[in-house]
Structures are given as structure tokens and as C-alpha cells.
Amino acid sequence: MTVFIAILTYKKSLNDVDKFLASHRKYLAKHYAAGDFIASGPQIPRVGGVIMMKADSRDAINTIIAEDPFHINGIADYQIVEFTPTMLANDSLISFL
């Protein structure tokens, strides 16, 4: 299993972002329930967000991102960073992976 970090950068005003925030949160909840997402939240300052995900491939991540209302409605750009964790702060974190 590989871990991916999606760094979202808003392309639209926060007013436009907020119009799609509820549907974006439903999307997040769906993928937390499916076990795809590990952590997420807004950047500070609020210029975008970050989602930590796990998947078997970059293609799987692309499919998941294609469902995001922020992606569908052109609200954010996505930078995807793929990495394989080799060290963890606590062995219990392995259950996330």
C-alpha cells in the first residue's frame, strides 16, 4: 500500500469554495468510510487543503479525486505526492496503512 498526499490549492474565491464545501465534506466522509482517507484539513492560511490517502496505485487516486466536487467544479488544483512510509512515530499507526 502506498500513501498519497493531495495538496489542494484553491483557484476560486473563498465564497465559491464555500458553495461546494458541504458536498466536498460528503465526499470526504464517503472515502473515510471506505478506508481511503487517513487525514484531511484546510491549509493555514486558508488557500486550499490537504488530504492524506492510501491506495494501491496512482490510477486509484485519480479515480477518487475525479469524484471530488472541488475537482468537478474547478474549485481547486491538486498536487499529488506519492510516498512509501519507512518510519512511523508509533507502531500503532501501521493500522492506518
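1. Strand 1 and strand 4 (residues 76-83) pair in the antiparallel sense through eight bridges. Within this pairing, Ala6 stands opposite Ile80 of strand 4. Two strands count as paired if DSSP finds at least two bridges between them. Strands are DSSP runs of E with at least two residues, helices are runs of H or I with at least four, and both are numbered from the N terminus.

2. The model is a predicted one, in which local features need pLDDT of at least 70 and side-chain atom pairs count only at pLDDT 80 or more, while totals for chains, interfaces and linings use all residues. Residues are numbered from 1 along each chain as its sequence is written, and side-chain values use heavy atoms, with hydrogens and water left out.

3. Strand 1 also runs antiparallel to strand 3 (residues 48-55), to which eight bridges join it. Here Ile5 has Met52 as its bridge partner in strand 3. Strand 1 itself, residues 2-10, is mostly covered, with seven of its nine residues buried. Buried means under 20% relative accessible area, exposed over 50%, and partly exposed in between (1.4 Å probe, protein chains only).

4. As to the overall architecture, the protein has four helices and four strands. Read from the N terminus, the order of elements is β-α-α-β-β-α-α-β.

5. Along the principal axes, the C-alpha atoms fill a box of roughly 40 × 25 × 20 Å.

6. Of the 97 residues, 32% are buried.

7. Contact means heavy atoms within 4.5 Å. Among contacts between residues at least 6 apart in sequence, 69% join residues at least 24 apart.

8. His31 belongs to helix 2 (residues 21-33). The residue is buried, with a relative accessible area of 4%. Apart from neighbours within four places in sequence, His31 is in contact with Asp36, Phe37, Ile64 and Glu67.
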